[in-house]
Amino acid sequence: MAAGWDVVVVGAGPGGSSCAYFLAQHGLRVLLVDKNDFPRDKTCGDGLTPRALEVCERMGIGPELARSGLQIEGIDVIAPNGVQTRVDMPRVDGRDTQGMVIRRFVLDQILWRRALDAGADVRTNVRIKAIQTNGGGAGLVGECKGKQVQYAGRLVVIATGAQMRLLRTVGLLKHNPEVILAVRGYLSGLRELAPRMVFRFDHVPLPGYGWLFPIAEDAANVGLGYFPKRSGKYGSDASTRSALKSMLRQTGLASAAEVEASLQQVKGYPIRTDFLRAQTFAEGILVVGEAAGLVNPLTGEGIDYALESGQIAAGFIHSAFAAGEFSSDVLSEYDRLLRGRFQRLFEFSERVRLLTMNRPLMNFLVSMANSRSDLRRLLTRILTGYQAIPDRLTPAMVWRLLQG
């Protein structure tokens, strides 16, 4: 199969744009396609961890992000009983770090433009409907403004986020994955917001959390996410919206009248968190970001893992082209790279998530954090993905940690 490009990347969110940028930096011919035109919005919490900002610095967009986003100095965690603990962003390699909140409408435009400027070819308004692969490459068939289009590449990277249709079409998703049900909106008219991310475990379904991420001194991205009960009690878009409004009222963030007047752009969406069980490659295909289930099952954070997995995929593909080896056995090494980078973190986060179902334990942990600086630091490193992960997390281990 003749290849028009070395690599075709499907999806221009953080994972796809990161991958396309680093592929272009490696000198490969890369085509980046997306079903939308840019700029376009994406339903998200809009938060960037220090890990995400590290990849953005490698892409050379740190200064542009700093002009467009709000720097975050720390994290507040509020227990089910309303007790709060405050933690600063972690120190990494002896240096302070910061987070950021930047609307995805802005972030994705910056990332997409950066891939374009690096040399990637870009096509928008393209919906890829089928991918056929053989030993010689991959052919993609799609639609653009009502007309059929075809592309060819030696390899394909799927970066379609929570959209599962294409993954099912190519046989990479055989079962419905575990998801967090989430909803976000923008609330204005707030007063003197501190530059801190707030995670709330009060007045939300557990296991789950609410958030308030400031985008200005008087406005914030607000939302909540939770794992649906098997009964389906929390399964509809209407119920997620209702849960968000209830949280805002019960926590005192806004009155019922303020919610109705100032809460805008409320959208529900699923978040895939099934990396531990996800398939990340097939013949001629690699998967990055949320399409590979790379969203933290504890915090719902996915932008950092999308950016990192895009860079990992690009480096792996560069090595494959240098060796001229593209077999499925070779591509399976990409999966091993992802597992080596993220497996223990995701296992750890799933176990900690189970602890959040226990309201008394959550109340106890947050209260203890207020008197234990080491526990506060541990909490921050867990929430920002920097914590070195123990092989097993048991109640005895938690108790030893608390006892020091």
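**Close-up views of a predicted model**

View 1. Seven strands make an open sheet of mixed pairing, in the order 6-5-15-16-17-14-18. Strand 6 (84–88) and strand 18 (263–272) are the edges, each pairing on one side only. From one strand to the next the twist averages 20°. Strands (E, at least two residues) and helices (H or I, at least four) are DSSP runs, numbered from the N terminus. Two strands pair if DSSP finds at least two bridges between them. This is a predicted model: local features need pLDDT of at least 70 and side-chain atom pairs count only at pLDDT 80 or more, while totals for chains, interfaces and linings use all residues. Residues are numbered from 1 along each chain as its sequence is written, and side-chain values use heavy atoms, with hydrogens and water left out.

**View 2. Strands 14 and 17.** Strand 14 (residues 179–188) pairs with strand 17 (residues 219–226) in the antiparallel sense, over 8 bridges. The bridge partner of G185 is V222, in strand 17.

**View 3. Two helices on the sheet.** Helix 10 (residues 359–371) packs on the sheet and touches strand 5 (74–78) and strand 6. The direction of helix 10 makes about 55° with that of strand 6. Helix 11 (residues 373–383) also packs on the sheet, touching strand 5, strand 6 and strand 15 (196–200). For helix 11 the angle with strand 6 is about 75°. Contact means heavy atoms within 4.5 Å. Axes are lines fitted to C-alpha atoms, for helices over the stretch in contact, and angles run from 0 to 180 degrees between N-to-C directions.

**View 4. The hairpin of strands 5 and 6.** These strands run antiparallel and are joined by 5 bridges. G74 has D88 of strand 6 as its bridge partner. The hairpin has 5 residues between the strands, and G82 takes a positive phi near 90°. Buried means under 20% relative accessible area, exposed over 50%, and partly exposed in between (1.4 Å probe, protein chains only).

**View 5. S367 in helix 10.** S367 is found in helix 10 and is partly exposed, at 34% relative accessibility. The side chain of S367 reaches the backbone oxygen of N363 at 3.0 Å. The C-alpha atoms of S367 and A79 are separated by 8.3 Å, though the two residues are 288 apart along the chain.

**View 6. Aromatic pairs.** The count is 13 aromatic pairs. Rings of Phe, Tyr and Trp (its six-membered ring) pair if their centres lie within 6.5 Å; planes under 30 degrees apart count as stacked, over 60 as edge-to-face and the rest as tilted. F38 and W112 are stacked, 4.9 Å centre to centre with 0° between the planes. F38 lies in the loop between strand 2 (30–33) and strand 3 (47–48), and W112 in helix 4 (residues 104–118), 74 residues apart. F38 is buried at 10% relative accessible area, and W112 is buried at 9%. Y209 and W211 form a tilted pair, 5.8 Å centre to centre and 35° between the planes. Both Y209 and W211 are buried. Ring pairs link F199, Y209, W211 and F213 into a cluster.

**View 7. Arginines over rings.** The charged end of R103 sits over the ring of Y186, 3.8 Å from its centre. The charged end of R339 sits over the ring of F275, 4.2 Å from its centre. The rule requires NZ of Lys or CZ of Arg within 6 Å of the ring centre and within 35 degrees of the ring normal.

How values were computed. Polar contact = N/O pair within 3.5 Å; in protein donor to acceptor, adjacent residues only side chain to side chain.
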